[in-house]
Amino acid sequence: MFLIDKEILDKLKKEYPEGARVELLQMDDSAAPPISTKGTVIGIDDIGTIHINWDNGSSLGVVYGKDRCQIIK
């Protein structure tokens with residue numbers, strides 16, 4: 001299992017709190033939602049994957065260090 005540093009994990013959890021709205025910027029997966037799809041953060045696991053309920057019904061997580069999303073202000 002891939003582990004990330006506790007400091008990085010804590011920073012991710014602070015930056016992407018449960019309930020935060022995000023927009024997808026990049027995801028390298030054939031089943032990925034379209035870029036710019038919006039969703040709601042439901043949590044972050046111990047390896048830093050940001051779990052999101054996407055507005056299009058998808059629930060693929062954003063993988064730390066590979067995929068990218070941003071908070072919608």
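Biologist: What stands opposite leucine 24 in β4?

Modeller: Cysteine 69 does. Keep in mind that this is a predicted model.

Biologist: How many bridges pair β1 and β4, and in which sense?

Modeller: There are four bridges between β1 and β4, and the pairing is antiparallel.

Biologist: And how do β1 and β2 run, and how many bridges join them?

Modeller: β1 and β2, the latter covering residues 38-44, run antiparallel and are joined by three bridges. In that pairing, valine 22 stands opposite glycine 39 of β2.

Biologist: Changing topic. How many salt bridges does a search of the whole structure find?

Modeller: Two. One is formed by arginine 21 and aspartate 55, with an N to O distance of 2.7 Å. That pair links distant parts of the chain, since arginine 21 is in strand β1 (residues 21-26) and aspartate 55 is in the loop between β3 (50-54) and β4, 34 residues apart.

Biologist: Is arginine 21 buried or partly exposed?

Modeller: Arginine 21 is partly exposed, because its relative accessible area is 33%.

Biologist: Which residue does lysine 6 bridge to?

Modeller: Lysine 6 forms a salt bridge with aspartate 10, and their closest N and O atoms are 2.9 Å apart. Both residues belong to helix α1, where they are four residues apart, about one turn of the helix.

Biologist: Lysine 6 and aspartate 10: what is the accessibility of each?

Modeller: Lysine 6 has 57% relative accessibility, so it counts as exposed. Aspartate 10 has a relative accessible area of 38%, so it is partly exposed.

Biologist: Why would such side chains pair at all?

Modeller: Side chains of opposite charge can pair when their charged atoms come close.

Biologist: How does the lining divide into nonpolar, polar and charged?

Modeller: Eight of the lining residues are nonpolar, one is polar and four are charged.

Biologist: Back to α1, then. What does it do in both topics?

Modeller: Helix α1 holds both lysine 6 and aspartate 10, which form a salt bridge. α1 also gives the most to the lining of the largest pocket.

Conventions. Residues are numbered from 1 along each chain as its sequence is written. This is a predicted model: local features need pLDDT of at least 70, side-chain atom pairs count only at pLDDT 80 or more; totals for chains, interfaces and linings use all residues. Side-chain values use heavy atoms; hydrogens and water are left out. Helices (H or I, at least four residues) and strands (E, at least two) are DSSP runs, numbered from the N terminus. Ala, Val, Leu, Ile, Met, Phe, Trp, Tyr, Cys and Pro count as nonpolar, Asp, Glu, Lys and Arg as charged, and the others, Gly among them, as polar. A salt bridge is a side-chain nitrogen of Lys or Arg within 4 Å of a carboxyl oxygen of Asp or Glu. Buried means under 20% relative accessible area, exposed over 50%, partly exposed in between (1.4 Å probe, protein chains only). Two strands pair if DSSP finds at least two bridges between them.
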